[in-house]
Structure formats: structure tokens, C-alpha cells
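Here are my notes on the model, for reading alongside the sequence and the coordinates. They run from the whole chain down to single residues.

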Amino acid sequence: MSMQTELGSLLGWVEGMRSRVRKLAREWEDQEGNLIMILHAIQNEFGYVPRGVANELAKEMKIPMARIYEVITFYHYFRLTPPGQHSIQVCMGTACYLKGASDLHDELARRLRLLEMGGGRGGEFQLETVRCIGCCGMAPAVVVDGETHGRLGLDDVEKILKPKRGTP
Ligand code: FES
């Protein structure tokens, strides 16, 4: 693709994004809780709330960017960065919590940080906590890319990360 074509498609994308934001702002104009609803729509579309889109929204709604960031950072649902290529959901429901889900989560976070610091692919993982996933008999449970792993101990962390890391 030539530089001109790339630039053309980038400008097209920006124009499309602007008109989408304009449309959303008009759709929700004067409605209570409109900022949250618009941010939901943006995140559904992009997988997160990109800075450029938030900036455009601030202009359209005539509100400061700080107000948008206030909402995004208050609600855990919203993301400011693109979702990772792999998702890891640690169940923090009561049964899992009582069986050590919190330690499991911390160990996963520690391993992913180490992977990232070592120039590895830790950033490709999206680690999050979720409420009961309905497998309490397998507590503590973790879902990796849609696959449920249960009765996990700290020693199992390496085993569930390994196939996703592309290492032997
Ligand atoms: S509490 Fe974790 S699966 Fe139910």
C-alpha cells in the first residue's frame, strides 16, 4: 500500500470516527447518563476508549476531557488500552475466593509482569476478575481464552500460561 493510500485510509477512518461520535452525541443529547451510554457504545465498537475518540467526544459534548476520564477511571468496565490478545478471567465469586482465587490472581499478575519486563508477551494478556462463572465445584476457577480451568493451585499458573506464550 502506498503512503498516499495509507494516508487516505487513515483520514477516512478519522472522518468516519468523527461522524460516529457526532451521531452518538446527538442521539443521547440531553438524556440523563448520556456520557456513560456513549462511552459504552464507543467501547463496544473499539474494544476500549481510544484517546482520540474521547477527545472528539469532549469537543462534541462541550465538556472537559477530565470529565470523560473521571467516568472511565471510576467504572472498571471501561478500558483505556486495547484489550489483550489473550484473556484471563479469574473468578472472585465466594467459593473461588475462599479457595485462594486472590492469591492465584496475584501470582498471574506477577508472572505477566515478569514476562513483560523480560521483553516477553505479557502485554498480550488481559487479566481481569469476574463474579461467579457457575463452576463453583471446580473452585478456584480461571477462564483462559474461553476455556475453563478449575481446582487450580499456584503451581498450575505456569501450566495455564505456557501454551499461550508460544514457548515450548
Ligand atoms: S464462585 Fe467461582 S465459579 Fe462460582
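1. **Overall dimensions.** The chain has a radius of gyration of 20 Å, whereas a compact globule of 168 residues would come out near 15 Å. Along the principal axes, the C-alpha atoms fill a box of roughly 50 × 45 × 25 Å. Please keep in mind throughout that this is a predicted model.

2. **Secondary structure.** There are 7 helices and 4 strands. Their order along the sequence is α-α-α-α-β-α-α-β-β-β-α.

3. Of the 168 residues, 32% count as buried. Take the contacts in the chain with a separation of 6 or more: 60% of them join residues 24 or more positions apart. The accessible surface is about 10400 Å². Carbon and sulfur atoms account for 53% of that surface.

4. **Charge.** The side chains include 21 positive and 21 negative ones. The centres of the two sets lie 2 Å apart.

5. **Helix 3.** Which residues of helix 3 are buried? They are Val 53, Ala 54, Glu 56, Leu 57 and Ala 58. Note that a glutamate, Glu 56, is in this buried set. The partners are helical: the buried residues of helix 3 pack against helix 1 (3-27), helix 2 and helix 4.

6. **Glu 60.** This residue also belongs to helix 3. Glu 60 is partly exposed, at 27% relative accessible area. The cut-off explains the label: buried means under 20% and exposed means over 50%, so a value of 27% falls in between. Setting aside neighbours within four places in sequence, Glu 60 is in contact with Val 21, Arg 22 and Ala 25. Asp 106 is another matter: it is 46 residues from Glu 60 along the chain, and their C-alpha atoms are separated by 40 Å.

7. Lys 62 sits in the loop between helix 3 and helix 4.

8. **Helix 4, buried side.** Helix 4 spans residues 65-74, and its buried residues are Met 65, Ile 68, Val 71 and Ile 72. Why do they fall on the same side of helix 4? Because they cover an arc of only 125° around the axis. The cover over these buried residues includes helix 2 (34-46) and helix 3 (51-61).

9. The face turned away from the buried side carries the exposed residues Ala 66, Thr 73 and Phe 74. Note the phenylalanine in that exposed set. Ala 66 counts as exposed at 53% relative accessibility. Since exposed means over 50%, Ala 66 passes the cut-off. Between Ala 66 and Glu 45 there are 21 residues of sequence separation and 22 Å in space, C-alpha to C-alpha.

10. **Thr 94.** Where is Thr 94 found? It lies in helix 5, which covers residues 94-98. Thr 94 is exposed, with a relative accessible area of 61%. Thr 94 and Cys 132 are 38 residues apart in sequence, yet their C-alpha atoms are 7.5 Å apart.

11. **A cis proline.** The peptide bond from Ala 139 to Pro 140 is cis, with omega near -5°. Pro 140 is in the loop between strand 2 (125-130) and strand 3 (142-144).

12. **Arg 151.** Here is another positive phi to look at: about 50°, in a residue that is not a glycine. Arg 151 is in the loop that runs from strand 4 (147-149) to helix 7 (157-165). Arg 151 is exposed, at 60% relative accessible area.

Conventions. Residues are numbered from 1 along each chain as its sequence is written. This is a predicted model: local features need pLDDT of at least 70, side-chain atom pairs count only at pLDDT 80 or more; totals for chains, interfaces and linings use all residues. Side-chain values use heavy atoms; hydrogens and water are left out. Buried means under 20% relative accessible area, exposed over 50%, partly exposed in between (1.4 Å probe, protein chains only). Helices (H or I, at least four residues) and strands (E, at least two) are DSSP runs, numbered from the N terminus. The arc is that of the directions from the helix axis to the C-beta atoms. Contact means heavy atoms within 4.5 Å. The radius of gyration is taken over C-alpha atoms; the globule rule is 2.2 Å times the number of residues to the power 0.38. Accessible areas come from the Shrake-Rupley method with a 1.4 Å probe; for residues, only the protein chains shown count as cover. Lys and Arg count as positive and Asp and Glu as negative; His and the chain ends are not counted. The place of a charge is taken as NZ of Lys, CZ of Arg, CG of Asp or CD of Glu.
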